[in-house]
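Please brief me on this protein model. I want the charged residues, the surface and the overall fold, in short points.

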Amino acid sequence: KMLVSLVLAVVAVVGKARSHTTGGVWVIVLLVGLLLFNVFKTYKAMQESKKKYISTVTETLFRRTLDSDVGVLYYLMESMEAQELKEAILGYYFLLEHGAEGATAAQIDSACENFLKDQFDVEVDFEVDDSFAKMAAMKLMDKKDSSLQDDDPNTVWVAKPLDEALKVLDHKWDNFFQYNVD
């Protein structure tokens, strides 16, 4: 930014100095003054950005060092739970996309891995078995052919429609804590 300003100012100064012999000194002084002001303004903006960045990093590190071992474990568990939920949601989404036809675990595994590669440019071994286990536990999918075993690679699974899945999840949430109020 400063380099572009400097080049433009020099070109302008030289051009003005050649075109106006009288009064050219004042034009040159004005342009040099504007150039110095622009350089100073850019320098101050860079210093302010650097100061804000260092402050943010320092505050983050300070807060992390205050955390105890239990806090670190809590943070790790929370991150893992979020990752597990994302895994189940991704599997459900791609199973839902297959509609009433359903899909095998291998098809969903491939769809999820391709999605992650295309969207985030990362090669991931998607844990489709974990995703399916979570969806089955939450009753968000059914086997298309009940005569096949769950672990049979030819088993076709169908996601419950979204409105039905939301009702199932809402019921689970509402009944997560069972307590008696007398």
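Asp109 sits in helix H4; helices are DSSP runs of H or I with at least four residues, strands are runs of E with at least two, and both are numbered from the N terminus. Asp109 is buried yet has no salt bridge. Its nearest side chain of opposite charge is Lys134, 12 Å away. This is a predicted model: local features need pLDDT of at least 70, side-chain atom pairs count only at pLDDT 80 or more, and totals for chains, interfaces and linings use all residues. Residues are numbered from 1 along each chain as its sequence is written, and side-chain values use heavy atoms, with hydrogens and water left out.

**Terms behind the Asp109 picture**

- Buried means under 20% relative accessible area, exposed means over 50%, and partly exposed lies in between (1.4 Å probe, protein chains only).
- A salt bridge is a side-chain nitrogen of Lys or Arg within 4 Å of a carboxyl oxygen of Asp or Glu.
- Lys and Arg count as positive, Asp and Glu as negative; His and the chain ends are not counted.
- Asp109 touches Phe126 and Val128, when residues up to four places away in sequence are not counted; contact means heavy atoms within 4.5 Å.

**Lys134 and its partners**

- Lys134 lies in helix H5.
- Its side chain meets that of Glu84 in a salt bridge (2.5 Å, N to O).
- Glu84 is in helix H3 (residues 69–97) and Lys134 in helix H5, so this pair ties together parts that are 50 residues apart in sequence.
- Glu84 counts as partly exposed, at 34% relative accessibility.
- Neighbours within four places in sequence aside, Lys134 is in contact with Glu84, Glu87 and Ala88.
- The C-alpha atoms of Lys134 and Leu85 are separated by 8.6 Å, although the two are 49 residues apart along the chain.

**Other salt bridges**

- A search of the whole structure finds six salt bridges.
- One of them joins the side chains of Lys143 and Asp150 (2.9 Å, N to O).
- Lys143 counts as partly exposed, at 26% relative accessibility.
- The side chains of Lys160 and Glu164 also meet in a salt bridge (3.7 Å, N to O).
- Lys160 is buried, with a relative accessible area of 14%, whereas Glu164 counts as partly exposed at 37%.
- Salt bridges that share partners join Glu84, Glu87 and Lys134 into one network.

**Surface patches**

- Asp125, Glu127, Asp129 and Asp130 form a negative surface patch.
- Patch residues have over 30% relative accessible area and no salt bridge; like charges are joined within 9 Å, and nonpolar side chains (Val, Leu, Ile, Met, Phe, Trp, Tyr) within 5 Å.
- The place of a charge is taken as NZ of Lys, CZ of Arg, CG of Asp or CD of Glu.
- Tyr53, Ile54, Val57 and Leu61 make a nonpolar surface patch of about 410 Å²; accessible areas come from the Shrake-Rupley method with a 1.4 Å probe, and for residues only the protein chains shown count as cover.
- Ile54 has its place in helix H2 (residues 24–66) and is partly exposed, with a relative accessible area of 45%.

**Positive phi in loops**

- Asp121 is not a glycine, yet has a positive phi of about 55 degrees.
- Asp121 is found in the loop between helix H4 (105–120) and helix H5 (128–137).
- Asp121 counts as exposed, at 58% relative accessibility.
- Lys139 is not a glycine either, and has a positive phi of about 60 degrees.
- Lys139 is found in the loop between H5 and strand S1 (141–143).
- Lys139 counts as exposed, at 52% relative accessibility.

**Whole protein**

- The protein has six helices and two strands.
- Along the sequence, the pattern reads α-α-α-α-α-β-β-α.
- Of the 182 residues in the protein, 20% are buried.
- Among contacts with a separation of 6 or more, 55% come from residues 24 or more positions apart.
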